[in-house]
Amino acid sequence: MKLSERIEGINSRIPLKFKVWMYFVAFTLMVFLLLWLFQILFLETFYERSVTRSAIKSSEKIAEAYEESDTAEFYRTVNKVAVENDFCVEILDRFGRSRYSKDVLGECLVHGKQNNTNIFRVNILDSPDKKIAYKIKNPRSGYYMQLFGRTLGDPDNPSGFLLINSALAPVGSTVNIIKRQLMIITVVLIVAAFIISLYLSRRIARPIANITKSAENLARGDFDTVFDGRGYLEAKKLADTLTYAERELSMVGTMQRDLIANVSHDLRTPLTMLKAYAEMIRDLSGDNPVKRNEHLEIIINETDRLALLVNDILDLSKLESGKQKLNPVNFEISGKLSEIIDRFKGLSEKKGYEIRFTPDKERIVRCDVVKIEQVIYNLINNAISYTGDDKKVYVRQINTSDGGVLIEIEDTGEGIDEDKIKLIFDKYYRSENHKREVVGTGLGLSIVKAVLKLHNYDYGVRSKPGYGSVFWFKISSFDVIDKNN
């Protein structure tokens, strides 16, 4: 096993609340580590760099005033910079003679007995960029000081020199004070961090733990499980999602039971009849050609019914799995509707059904003709099964203003209750008013739904109890080739 897989295996066994606690504590320790590093180890370095940056910035300001201001304004600028920053400032001419001095420290390296201005001037001239900046110990006070020097005017032919001297306060005592304070703060905050992180980790993990426990109950088949996601937004969303999944699983379970019941019912009758008439042929009508042919015809019809049921189940399975592909071709929609309606003439003449077709102007459409035929056939067959005592079914073609084609199939039956309309296209759903006069499998509307979704066509049903139902679908204008008619 790879190391990464081992680590992943270990991580998967660590509880969430322990992980949250561990991350929080690690973050706290990292913060204190950085605080100690920057406040204790690097404090002196930061301080010296800050003094150097201040001296450089002040020197640039003085050099700018030297170039642009008159003598009085220049000296006022030097005096202001020295007072505001606690700097000692010395202005020299090109020969190293003092032209202006400002001592705010009293122990400068550029003033008094320790005056080494000429040495500093030589060092400036010898440096590549005509500037110097270094830390030097004051022999009188014993403390280190920061010295910065540069030329004034043209660096190659300077008209003067600028020296800035600032004290570097000893930070050792300050570090000791900060260290003691940090020690106390670190102990207090680490203890607080442990307690707070432990509380937060439990608080964060509790909703997940509750949802996990409920999910385990759901996995065992308890569809009355309550998912409690109170605590934070993500947990609530997860709980709501699992609640939705629970309802869907419960519905699927109900549908599966209905499927078994419906398929068992549809299979039992033809199988019983097949067996009964086969036995009759064997025992009674084997030598009677008329009776034998009559019984064989019934066996053939029931076999066809079984084949139809199996084919519908297979077709629906392919459509819903996404394996069924569309084979679009161009055809005339009015002609196709008339052709399908003609197939029901035998049924109409035999049982008195009347199918009235109201066509619109012919339009050529491009879609899967076999599957659209199946949709129209199933909708007409469904209308025949549910129409009223007048046995009338209405089929309408309506060319819409946006270039599409609307197909409506209307029956005159008892209609559909409003709360049942949303279920009518669901797989294995069967209306309480279902009739057995026309052979069907109970999967016709589910196949209609799957085919129309595959084409991305709009579809639906309008119904009112006592006034029949109108099933419709619309061939998109994108699939209409000839929109001129």
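Lysine 131 touches Ile124, Phe148, Gly149 and Arg150, leaving aside residues up to four places away in sequence; a contact here means heavy atoms within 4.5 Å. The C-alpha atoms of lysine 131 and phenylalanine 148 are 7.5 Å apart in space, although the two residues are 17 residues apart in sequence. Lysine 131 belongs to strand β3 (residues 131-137). Helices (H or I, at least four residues) and strands (E, at least two) are DSSP runs, numbered from the N terminus. With a relative accessible area of 34%, lysine 131 is partly exposed; buried means under 20% relative accessible area, exposed over 50%, and partly exposed in between, with a 1.4 Å probe and protein chains only.

The model is predicted: local features need pLDDT of at least 70 and side-chain atom pairs count only at pLDDT 80 or more, whereas totals for chains, interfaces and linings use all residues. Residues are numbered from 1 along each chain as its sequence is written, and side-chain values use heavy atoms, with hydrogens and water left out.

**Overall architecture**

The chain has 13 helices and 12 strands. Of its 485 residues, 35% count as buried. Among contacts with a separation of 6 or more, residues 24 or more positions apart account for 65%. The chain exposes about 28800 Å², of which carbon and sulfur atoms supply 56%; accessible areas come from the Shrake-Rupley method with a 1.4 Å probe, and for residues only the protein chains shown count as cover.

**Salt bridges**

Side chains of opposite charge can pair when their charged atoms come close. The structure holds 14 salt bridges, each defined as a side-chain nitrogen of Lys or Arg within 4 Å of a carboxyl oxygen of Asp or Glu. Three of these pairs are set out below.

| Glutamate 373 | Arginine 343 | 3.2 Å |

The salt bridge between glutamate 373 and arginine 343 links distant parts of the chain, 30 residues apart: glutamate 373 is in helix α11 (residues 369-386), and arginine 343 is in the loop between α9 (333-342) and α10 (345-351). Glutamate 373 is buried at 16% relative accessibility, whereas arginine 343 is partly exposed at 43%.

Arginine 462 lies in strand β11 (residues 458-463) and glutamate 408 in strand β10 (residues 405-411), so the pair ties together parts that are 54 residues apart in sequence. Arginine 462 is partly exposed at 42%, while glutamate 408 is buried at 6%. Elsewhere, salt bridges that share partners join Lys336, Glu339, Arg343 and Glu373 into one network.

**Surface patches**

Patches are made of residues with over 30% relative accessible area and no salt bridge; like charges are joined within 9 Å, and nonpolar side chains (Val, Leu, Ile, Met, Phe, Trp, Tyr) within 5 Å. A patch of negative charge on the surface gathers Glu64, Glu67, Glu68, Asp154 and Asp156. Glutamate 64 is located in helix α3 (residues 43-68) and is partly exposed, at 46% relative accessibility.

A nonpolar patch on the surface is formed by Met183, Ile184, Ile185, Val187, Val188, Leu189, Val191, Phe194 and Ile195, which together have about 820 Å² of accessible area. Phenylalanine 194 is located in helix α6 (residues 172-219) and is partly exposed, with a relative accessible area of 34%.

Conventions:
Lys, Arg positive; Asp, Glu negative; His and termini not counted. Charge placed at Lys NZ, Arg CZ, Asp CG, Glu CD.
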